[in-house]
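Visitor: Please show me the model. I would like to go through it piece by piece.

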Amino acid sequence: MSVNSALTGAAQAHSADMARNNYFSHTSLDGRTAMQRMRAAGFTGSLMGENIAAGQTTADSVMSAWMKSSGHRANILNCGYRFIGVGHATGGSYGHYWTQDFGG
């Protein structure tokens with residue numbers, strides 16, 4: 001898997017938006033889905049997915065949580081995803097907001 005700047009931008013923007021506006025959802029407050037945010041950031045691939053988390057204070061702890069969740073783990077291990085972008089922001093009631101955006 002390779003880091004993709006469009007996916008990184010979308011992931012970072014979503015984490016920052018959740019922290020700034022104190023919410024936790026795959027759907028932005030403006031109604032955009034993860035896929036719409038990735039497209040708007042410039043990702044052109046046909047396969048997309050997203051993991052989000054809130055509250056974990058380190059990258060190790062959020063990865064551990066995602067790997068213990070069947071749906072999140074499936075995204076991480078999906079061989080169809082060739083690209084990734086990761087975002088992290090602090091703020092809001094959870095303190096830490098994490099986003100992984102995947103593309104293929």
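Guide: Begin with a definition: the expected span of a helix is 1.5 Å times one less than its number of residues. Helices (H or I, at least four residues) and strands (E, at least two) are DSSP runs, numbered from the N terminus. This is a predicted model, where local features need pLDDT of at least 70, side-chain atom pairs count only at pLDDT 80 or more, and totals for chains, interfaces and linings use all residues. Residues are numbered from 1 along each chain as its sequence is written, and side-chain values use heavy atoms, with hydrogens and water left out.

Visitor: How far apart are the end C-alpha atoms of helix 1?
Guide: Helix 1 has 17 residues. At 1.5 Å a residue, the span should be 24 Å. The computed distance between the end C-alpha atoms agrees: 24 Å.

Visitor: What do the buried residues of helix 1 pack against?
Guide: Buried means under 20% relative accessible area, exposed over 50%, partly exposed in between (1.4 Å probe, protein chains only). In helix 1 the buried residues are A6, L7, A10, A11, H14, S15, D17, M18 and A19. Their packing partners are helix 2, strand 2, strand 3 (83-91) and strand 4.

Visitor: Which residue forms a salt bridge with D17?
Guide: A salt bridge is a side-chain nitrogen of Lys or Arg within 4 Å of a carboxyl oxygen of Asp or Glu. The closest N and O atoms are 3.6 Å apart, and the partner is R20.

Visitor: How many salt bridges does the structure hold?
Guide: One of them joins D30 and R32, at 3.0 Å from N to O. D30 counts as exposed at 54% relative accessibility, and R32 as partly exposed at 32%. The total is three.

Visitor: How many residues apart in sequence are the parts that R37 and E50 tie together?
Guide: R37 and E50 form a salt bridge, with the closest N and O atoms 2.9 Å apart. R37 lies in helix 2 (residues 34-40) and E50 in strand 2 (residues 48-54), so the pair ties together parts separated in sequence by 13 residues.

Visitor: Are R37 and E50 buried or exposed?
Guide: R37 pairs with E50 in a salt bridge. Both residues are buried.

Visitor: What is the relative accessible area of Q100?
Guide: Q100 sits in strand 4 (residues 95-103). Contact means heavy atoms within 4.5 Å. Leaving aside neighbours within four places in sequence, Q100 is in contact with G49, E50, N51, M63, W66, I76, I84, G85 and V86. Q100 is buried, with a relative accessible area of 5%.

Visitor: Which residues of helix 4 meet helix 3?
Guide: The axes of helix 3 (residues 59-67) and helix 4 (residues 70-77) come within 6 Å. On the helix 3 side, the contact uses M63, W66 and M67.

Visitor: What is the phi of N22?
Guide: N22 is in the loop between helix 1 and helix 2. At 44% relative accessibility, N22 counts as partly exposed. Most residues other than glycine have a negative phi. N22 has a positive value, near 55°.

Definitions and conventions. Axes fitted to C-alpha atoms, helices over the stretch in contact; angles between N-to-C directions.
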